[in-house]
Amino acid sequence: MSKRQINQVHNSINRVVHEPVRLAILKILISAKEVDFNFLLTVLGVTKGNLATHTNTLESAGLIEVKKEFRGKIPHTSYRITKTGRAEFQKYWENMKALAP
C-alpha cells in the first residue's frame, strides 16, 4: 500500500466510531438487538456521565437510537444500532484491515 493510499484510508476513518468507548458500544450493539444503560455501564466499566456523553455523541451522529421510557416509576434507557451505525462500523473495520500489514 502506498503512502498516498494509507493517507486516504487514514483520513476516511470516522473519528466518532474510532474513540475506544464508542467503538465498544457499537460492537456490543452489533451483536445485540437492544441493550439498556445499566448493561453498558456494567460491561464497559465507565461512569454514568461518561457513558451518557458517549451515547449522546453516537445518537447525534445517527449511529444509534435511544429509547427512554418508564417502567413503573423507574426511568429506563435502552439503545440499538441504526442502519447507518452498522454501515459505519463495517466501514471502520474495513479501513482498519486495510491499514494492517
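Analyst: Trp93 counts as partly exposed, because its relative accessibility of 36% falls between the 20% limit for buried and the 50% limit for exposed. This is a predicted model, and the values below are computed from it.

Tyr92 pairs with Trp93: their ring centres lie 5.3 Å apart and their planes stand at 85°, so the pair is edge-to-face. The label follows because planes over 60 degrees apart count as edge-to-face. Tyr92 is buried, with a relative accessible area of 5%.

The structure holds 2 aromatic pairs. Besides the pair of Tyr92 and Trp93, there is that of Phe89 and Trp93, whose ring centres are 6.1 Å apart and whose planes meet at 70°, so this pair is edge-to-face as well. The distance of 6.1 Å qualifies because centres must lie within 6.5 Å for rings to pair. Phe89 and Trp93 both belong to helix H6 (residues 83-99), and because they are 4 residues apart there, about one helical turn separates them. Phe89 is buried, at a relative accessible area of 5%.

Taken together, Phe89, Tyr92 and Trp93 form one aromatic cluster.

As for the confidence of the prediction, the chain averages a pLDDT of 93, and 100% of the residues score at least 70. Among the elements of the chain, the mean pLDDT is lowest in helix H1 (residues 3-11), at 77, and highest in helix H5 (residues 48-60), at 98.

Key. Residues numbered from 1 in each chain as written. Predicted model: local features only at pLDDT ≥ 70, side-chain atom pairs only at ≥ 80, totals over all residues. Heavy atoms only, no water. Phe/Tyr/Trp six-rings, centres within 6.5 Å; stacked < 30°, edge-to-face > 60°. Helix = DSSP H or I, 4+ residues; strand = E, 2+ residues; numbered from the N terminus. Buried < 20%, exposed > 50% of the residue type's maximum accessible area, 1.4 Å probe, protein only. pLDDT = per-residue confidence, 0-100.
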